[in-house]
Each structure stands twice: as C-alpha cells, then as structure tokens.
Amino acid sequence: MCYKSGTLGVASYEVNGVSSGGQSNVKLYRTTQGAFVEEAGQFHELSPVASTEAWDKLICDVDLLNRATAAVKKNSVARVDPATVLAPVGGQEVWAAGVTYFRSRKARMEESKGAGGGDFYDRVYTAERPELFFKAAGWRVVGPGNPVRIRSDATWSVPEPELTLLINPAGKLVGYTIGNDMSSRDIEGENPLYLPQAKVYDGSCALGPCILLSPQRLSETVIRLQIMRQNKELFSGTTSIAELKRDPQELIQFLFRDHSFPRGVFLMTGTGIVPPDDMTLQHGDSIRITIDGIGALENHVA
C-alpha cells in the first residue's frame with residue numbers, strides 16, 4: 001500500500017491539484033530510504049540513495065522538476081513510512097528575512113520600544129534593502145515530528161510560521177517548504193543587536209515535511225498556526241502570502257548579492273502571525289503549521 005493524503009502522520013498534507021495558473025503539485029520528500037516524489041497522494045521513488053551528498057546533488061539539479069515529474073509517470077507506487085521522513089535539507093544553509101509583514105513590523109516595534117530600537121523595524125519595513133540573517137546550518141535543522149527548543153535564558157518564546165524558499169546555486173527558485181523560525185522575543189526586544197542569540201540556537205529551526213517543486217510564485221496561499229497545550233488549543237492564527245510585502249524574487253536577489261551557495265540555500269520569508277504578548281511557549285507544547293498546497297509541519301517543544 002502507499003500512504004494517501006492526510007495519512008502521513010506529522011507529514012500530512014492537502015492535495016490541491018494543478019491550479020489554473022499551472023502550479024505544480026509535485027512534492028519532494030527526503031527520507032532515510034532515499035528521495036521520493038508525491039503527486040495526488042501516491043509516492044514514487046526518485047533516488048534510493050539517502051546520503052547528504054546525494055540529496056545536495058539532487059537539489060542542485062537544474063532539471064529537478066522534470067526528473068520528478070518523469071518519476072511519477074514511470075516509477076511504480078512506493079511505500080513511505082512516516083517515521084522515515086526527514087527535514088528536506090542536507091548541506092544547505094538556512095537564512096531568514098525579517099519584518100516582511102506589517103504585523104511583524106508592529107510586533108517588533110512594540111517588543112523593542114523600551115530599548116529604543118522600535119524605529120529600526122519601521123525603517124527596515126519601508127527600506128529598499130530587506131533584513132536578511134543567517135538562521136541555521138543544515139545539520140541543525142529539525143524535521144517533522146521532532147522537538148524544537150526554547151532558549152534556557154529566555155522568558156518569552158514563540159514560533160514563527162514562514163513560507164520558505166528553496167533556491168539552487170544559480171539563484172533560481174526551486175520550490176517551497178514550511179519553516180518554523182523559533183524566536184526569543186524578550187532577548188531580541190532587549191536590544192536588536194541580540195537578534196542572533198534570539199534566533200540562532202540548537203532546535204531553533206524546523207523545516208518540512210516536503211518541498212513543493214515549483215518555480216512559480218504562490219499568491220493567495222493561506223498560512224495557519226496552531227499551538228496546543230495539554231490537548232487544548234492555546235493559540236491559532238492565519239495569514240495570507242498576499243500580505244507579504246517583499247516579492248520572493250526581490251529577497252532572492254538581495255541574498256545572492258556578493259554571496260554564493262554551492263549547495264543551494266533555504267530562505268524563510270518572514271511571519272505574519274504573532275501570538276499575543278502574554279503567551280510564551282512551554283515544554284511539551286505542540287506546534288502545527290499548515291500552508292495550503294504544501295502540507296503541515298508539526299513539532300513539539302522539548
């Protein structure tokens with residue numbers, strides 16, 4: 001048997017088909033058994049090699065979408081055990097863009113006003129140059145079903161659900177995945193220069209469950225966040241990619257200025273969902289991020 005839509009555990013997803021704009025619905029999964037492509041709820045093997053080197057070579061293939069589409073047509077239906085699904089990253093770095101939604105701008109200004117840094121976020125929201133920062137090395141990225149972490153010296157921690165781009169070494173958009181940019185808002189709010197400590201630590205970045213292979217821009221796609229505590233909903237929120245101020249191609253162009261990524265790179269595009277100021281994550285909380293057409297990424301807090 002093969003795993004159908006909605007039965008892949010934490011890597012469940014929605015199958016939306018091909019849109020009127022020609023949007024691909026082919027998804028690429030990295031597993032401990034190799035690489036698999038999925039279309040219409042059925043999986044097909046793309047590569048039996050599970051090494052990081054094999055994954056990096058696959059990601060850099062300029063003909064990846066055509067290879068994946070061909071595998072769907074030629075290869076028999078395969079079995080994929082949900083427990084084998086990994087974060088769709090190998091040797092790639094993960095970068096992130098900040099203050100790309102108005103809601104994020106407002107939240108950052110509020111959290112840092114006591115330190116005199118509120119004006120910085122207003123300026124970067126309207127500036128030509130976006131805020132870009134390093135988030136994680138590939139080996140630090142958490143996959144579906146695995147634990148994310150909150151800093152031991154933080155008192156105000158939140159998840160940040162983000163549409164995440166996969167870009168090849170030539171600077172071309174390969175596709176999309178779901179990202180969780182775990183953040184310590186109290187540390188960043190104390191001083192904007194503390195952003196690396198607020199954003200970059202073990203267990204601070206999750207990606208998955210797959211890559212939607214498409215060079216086309218997503219427009220009206222909805223992002224949803226749900227936080228559960230002891231089987232009760234603590235917070236839920238939604239936003240639309242239509243609210244994203246920066247065009248993904250603009251972010252890609254700035255990221256690749258005087259910078260090379262020989263294995264490709266992931267770029268988180270910012271968040272438009274911000275939990276209330278009186279909410280902070282606790283150990284044991286579960287976080288579920290859903291993006292239409294890609295799927296759902298679920299992690300718990302260690």
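Which residue caps the N-terminal end of α7?

Mentor: D247 caps the N-terminal end of α7. A side-chain oxygen of D247 lies 2.7 Å from the backbone nitrogen of Q249. First, the ground rules. This is a predicted model, in which local features need pLDDT of at least 70 and side-chain atom pairs count only at pLDDT 80 or more, while totals for chains, interfaces and linings use all residues. Residues are numbered from 1 along each chain as its sequence is written, and side-chain values use heavy atoms, with hydrogens and water left out.

Now the helix itself. Helix α7 covers residues 248-255 (helices are DSSP runs of H or I with at least four residues, strands are runs of E with at least two, both numbered from the N terminus). Its buried residues are P248, L251, I252, F254 and L255 (buried means under 20% relative accessible area, with a 1.4 Å probe and protein chains only). Seen down the axis of α7, these buried residues fall within an arc of 165°, so they line one face of the helix (the arc is that of the directions from the helix axis to the C-beta atoms). An α-helix has 3.6 residues a turn, so residues three or four places apart point the same way.

What covers that face? The cover of the buried α7 residues includes β5 (93-98), β6, β9, β10 and β15 (contact means heavy atoms within 4.5 Å).

Next, the covering strands. β5, β6, β9, β10 and β15 belong to an open sheet of 10 strands, in the order β4-β3-β2-β1-β12-β10-β9-β15-β5-β6, with mixed pairing (two strands pair if DSSP finds at least two bridges between them). β4 (77-78) and β6 (131-137) stand at the edges, each with a single partner strand, so one side of each has no neighbour in the sheet. Inside the sheet, β9 (residues 161-167) and β15 (residues 265-268) run antiparallel, joined by four bridges. L165 has L267 as its bridge partner in β15.

Terms used. Buried means under 20% relative accessible area, exposed over 50%, partly exposed in between (1.4 Å probe, protein chains only). A polar contact is a pair of N or O atoms within 3.5 Å; within protein, one must be able to donate a hydrogen and the other to accept it, and residues adjacent in sequence count only if both atoms are side-chain atoms.
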